[in-house]
Amino acid sequence: MLQENSSTANLVEVIPLSGFNKALAYAVPATCTATVELGSLVRIPLRGRSELGVVIQLGSGQDIAPEKLKMLYEVVQEYPVLTADLLELYQWAQKYYATTPEAMLEAMIPTAIRRGMKPKTRLYVAMGQTPTQEQWSVLEKRAPKQAELLRFVQQQICAQARAPLLKRMGISASACESLVKKNYLIETQTEEAREAYADDLSQLETIASDTRPTLTSEQALAVDNLHAAISADTFAVRLLHGVTGSGKTEVYLHAVEKVVAEKGGVIFLVPEVALAPQTVGRVRARLEARGVRTVVWHSHLSDGERYDAWKALASGEAHVVVGARSAVFAPVQNLKLVIVDEEHEPSYKQDDNPRYHGRDVAVYRAHLNSAICIVGSATPSLETLYNVERGKYAVDRILNRVDNRKLPRIHLVDMRREGLSGRRKGSPISSLLADHLVDRYEKKEQSILFLNRRGFSTSLLCPDCGFVAECEHCSIPMTYHRTDKTIRCHLCGLEQKAPHSCPKCKASEIRYRGQGTQKIEDVVQRILPRARIVRMDADSMSKKNLYRKILNDFRIGKIDILVGTQMIAKGLDFPNVTLVGLVDADRSLHVEDFRAAERTFQLIVQVSGRAGRGDRAGEVVIQTSTPHAPPIQFARKSDFDGFQLEELEQRREFNYPPFQHLIRHLFRGRNPEKVEFYMEQWTQQVSRHFGDRIVIRGPAPAPIAKIRDEYRYQLWYFVPSAQAVIDSLVALREDFKMDRTVVDQMDVDAMHMS
Ligand code: ADP
Ligand code: ZN
């Protein structure tokens with residue numbers, strides 16, 4: 001119970017991390033007054049239980065009867081889990097992304113930290129008071145084991161780690177304790193950093209050596225501009241728009257070095273750490289050579305490693321973090337620079353709650369810190385390009401590759417014509433691509449073949465009646481797995497034996513269609529029976545060591561041809577690759593997504609960028625059935641400005657982003673009539689309430705109309721500013737009553753359309 005003389009000065013407001021979604025006032029006990037800070041993680045009594053919460057305000061305006069006021073129990077972590085800028089970022093992001101306080105806080109604070117993870121400590125023993133001759137003999141007679149231990153410790157120069165010592169000598173803990181009691185031994189506790197990088201990333205990092213190339217003139221100009229921006233010490237965003245192989249990483253590194261030299265903090269974001277080991281390795285090699293500790297932040301860290309990484313940043317011991325999306329929330333002190341590499345990557349947008357965009361959050365966080373944000377890409381998003389056009393972002397362009405290497409020559413193969421008259425009619429590999437593969441193999445150069453698809457799906461198809469095996473719970477085709485002759489749904493996991501005959505018309509000719517990586521591998525193997533071909537598929541992606549081993553083997557030339565999806569394209573830099581083939585360039589064009597053209601353009605430019613990164617020029621073969629589609633033509637000519645101009649024009653005409661913000665509102669439930677009913681009601685409410693401030697499209701079934709027996713419908717809101725409507729939209733939604741069996745979710749600035 002709180003003392004009577006409590007003033008609001010020792011009250012704090014806390015957001016519990018247990019679904020309360022509201023700030024509550026607590027009194028601070030005397031034992032904690034020195035340690036409670038803004039952003040502290042605290043343990044609080046709530047509904048008769050002990051819960052965790054974050055202090056979001058010192059003092060409280062809440063009017064609470066003194067007898068109702070509870071006292072918080074303790075401060076959990078010695079550093080605030082949210083720094084001042086992160087608290088502000090939290091306030092903004094929670095509202096902007098229409099999410100709950102709790103979900104946002106959970107995304108911002110790593111689980112290990114929330115669980116109250118503590119530093120790993122180790123007990124050491126060292127010599128205390130030396131026994132007299134007489135005491136020695138007593139000890140040797142009565143407790144020979146104790147004496148043995150004491151003798152050993154006495155002979156050592158430094159303190160010994162207790163546990164391994166006792167184990168080695170076969171001596172019990174109690175023997176040690178009685179020596180401590182007698183003051184012969186002194187025990188000390190030392191905090192110990194876990195082997196924070198003992199994960200398999202280190203393997204690739206050793207490859208990255210710290211060479212310092214002389215900057216090209218374009219790189220040097222970009223670096224000068226960035227250095228000037230950093231010196232100006234005010235918020236600015238700069239786009240680094242450099243063609244593939246133009247040495248963007250080198251430019252980032254020069255910016256990082258300047259900031260670090262001035263004791264500033266840096267966040268370096270990559271689309272996914274596991275897919276960008278080379279970039280991560282290069283950053284670390286460079287900085288560590290200068291004695292700067294770099295913390296790596298990725299999803300494979302153990303709780304202990306996460307804690308150590310977190311603490312190194314929170315304590316200010318380390319200033320630089322390299323990581324994926326969530327590293328944008330890392331507790332970096334004195335943040336001066338945020339880098340978002342490959343800023344166009346959709347993986348920066350989180351696909352579940354909270355649906356934040358890592359790049360946009362990065363820009364906002366830089367803004368809060370008067371820091372510089374560099375967004376970099378060979379194929380910037382149209383959102384970013386538009387911000388450049390409007391003068392919100394500055395731009396540095398690098399039009400040439402380093403060492404004047406040429407951009408690869410791009411050949412287009414019209415697969416329709418190839419299908420009619422080509423020498424390899426009906427094959428997924430055209431004669432041109434086949435010839436080039438053979439040529440490279442004979443010259444002992446390497447090739448990569450890309451499939452334009454996310455999964456590796458092949459579906460079962462009946463050639464007679466057109467039946468496609470679809471999941472009974474989800475509206476997607478089942479995937480055929482050749483290894484165990486099953487068909488599986490990759491959304492709900494349903495697994496069935498693959499049928500021998502068509503379940504519908506009983507035809508026995510049922511076969512699988514689609515060009516999985518397996519199929520391509522087989523076809524290429526038939527063209528080049530002796531070539532060493534390796535496939536990167538779902539299996540090798542999940543087993544991270546295998547993935548790394550394959551990349552390593554490829555690097556050292558043990559593999560001639562690598563087959564995989566565009567997932568593996570990110571950041572690969574292999575000098576001996578002189579041929580890249582894109583097997584099915586169109587696939588990304590024919591999806592229900594207004595960004596389809598943008599994605600296709602980016603895909604072709606990015607995969608092409610993997611070719612010709614060494615001394616020899618590269619060639620690219622793009623197979624397509626729509627060779628005249630604008631994104632394919634612009635990409636072939638590497639005409640970035642042409643593509644941007646035309647695509648922006650299209651977007652402007654149809655009021656798509658970047659000209660309007662897009663909010664996707666999805667409703668789902670087992671009963672489709674109910675879902676539709678509530679959507680109709682809701683849609684009417686929105687149009688009544690907002691009038692023409694929100695342009696509504698829908699409701700309509702989502703592209704994947706059913707997942708796990710839940711029917712999915714969606715609405716699109718087109719708004720000039722999401723910021724301007726989101727609060728009232730959320731408030732309106734809170735007052736709208738729906739059956740509990742219907743669930744909805746809003747996605748602000750949606751990127752994922754399924
Ligand atoms: P990007 O990210 O723009 O595609 P990278 O940063 O991966 O390009 O650089 C491509 C390659 O060029 C890397 O191997 C890098 O070490 C090398 N490189 C970068 N800058 C220079 C330079 N000025 N001179 C020589 N090589 C360079
Ligand atoms: Zn399913």
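# Ligand 1, a zinc site and the cores

Q: How far is an oxygen atom of ligand 1 from an N or O atom in the side chain of Arg282?
A: The distance is 2.9 Å. That is a polar contact, meaning a pair of N or O atoms within 3.5 Å; within protein, one must be able to donate a hydrogen and the other to accept it, and residues adjacent in sequence count only if both atoms are side-chain atoms.

Q: What kind of model, and what conventions?
A: This is a predicted model, in which local features need pLDDT of at least 70 and side-chain atom pairs count only at pLDDT 80 or more, while totals for chains, interfaces and linings use all residues. Residues are numbered from 1 along each chain as its sequence is written, chains are lettered from A and ligands numbered from 1 in the order in which they are written, and side-chain values use heavy atoms, with hydrogens and water left out.

Q: Back to ligand 1. How far away are Lys248 and Gly247?
A: For Lys248, a side-chain N or O atom is 2.8 Å from an oxygen atom of the ligand. For Gly247, a backbone N or O atom lies 3.1 Å from a ligand oxygen.

Q: How many residues surround ligand 1?
A: There are 18, and the closest are Thr214, Gln219, Gly245, Lys248 and Asp573. A residue counts as near if one of its heavy atoms lies within 4 Å of the molecule.

Q: Where is Thr244, and is it buried or exposed?
A: Thr244 is in the loop between E9 and helix H10 (248-261). Helices (H or I, at least four residues) and strands (E, at least two) are DSSP runs, numbered from the N terminus. Thr244 counts as buried because its relative accessibility is 5%; the cut-offs are under 20% relative accessible area for buried, over 50% for exposed and partly exposed in between, with a 1.4 Å probe and protein chains only.

Q: What is Thr244 in contact with?
A: Leaving aside neighbours within four places in sequence, the contacts of Thr244 are Ala378, Arg401, Leu407, Val605, Gln606, Gly609, Arg610 and Arg613. Contact here means heavy atoms within 4.5 Å.

Q: Now ligand 2. What coordinates the zinc ion?
A: Cys471, Cys474, Cys489 and Cys492 do, each through SG, at 2.3 to 2.4 Å. Donors are N, O and S atoms within 2.8 Å of the metal (3.2 Å for Na, K and Ca); water is not among the atoms, so sites may look incomplete.

Q: Why is the arrangement tetrahedral?
A: Because the four donor atoms subtend angles of 106 to 116 degrees at the zinc ion (ligand 2). Four donors count as tetrahedral if all angles lie between 85 and 135 degrees.

Q: Are Cys471 and Cys489 buried or exposed?
A: Cys471 is buried, with a relative accessible area of 4%, and Cys489 is buried at 2%.

Q: Different topic. Which residues touch the most other members of the largest nonpolar core?
A: Ile663 and Leu729, in a core of 83 residues. Helix H1 (residues 84-96) gives the most to this core, with seven residues. A nonpolar core is a set of buried Ala, Val, Leu, Ile, Met, Phe, Trp, Tyr and Cys residues joined through side-chain atoms within 4.5 Å.

Q: What does Ile663 touch?
A: Not counting residues up to four places away in sequence, the residues touched by Ile663 include Leu715, Trp716, Val725, Leu729 and Met746.

How values were computed: Four donors count as tetrahedral if all angles lie between 85 and 135 degrees; four count as square planar and six as octahedral if opposite donors are over 155 degrees apart and all others between 65 and 115; anything else is irregular.
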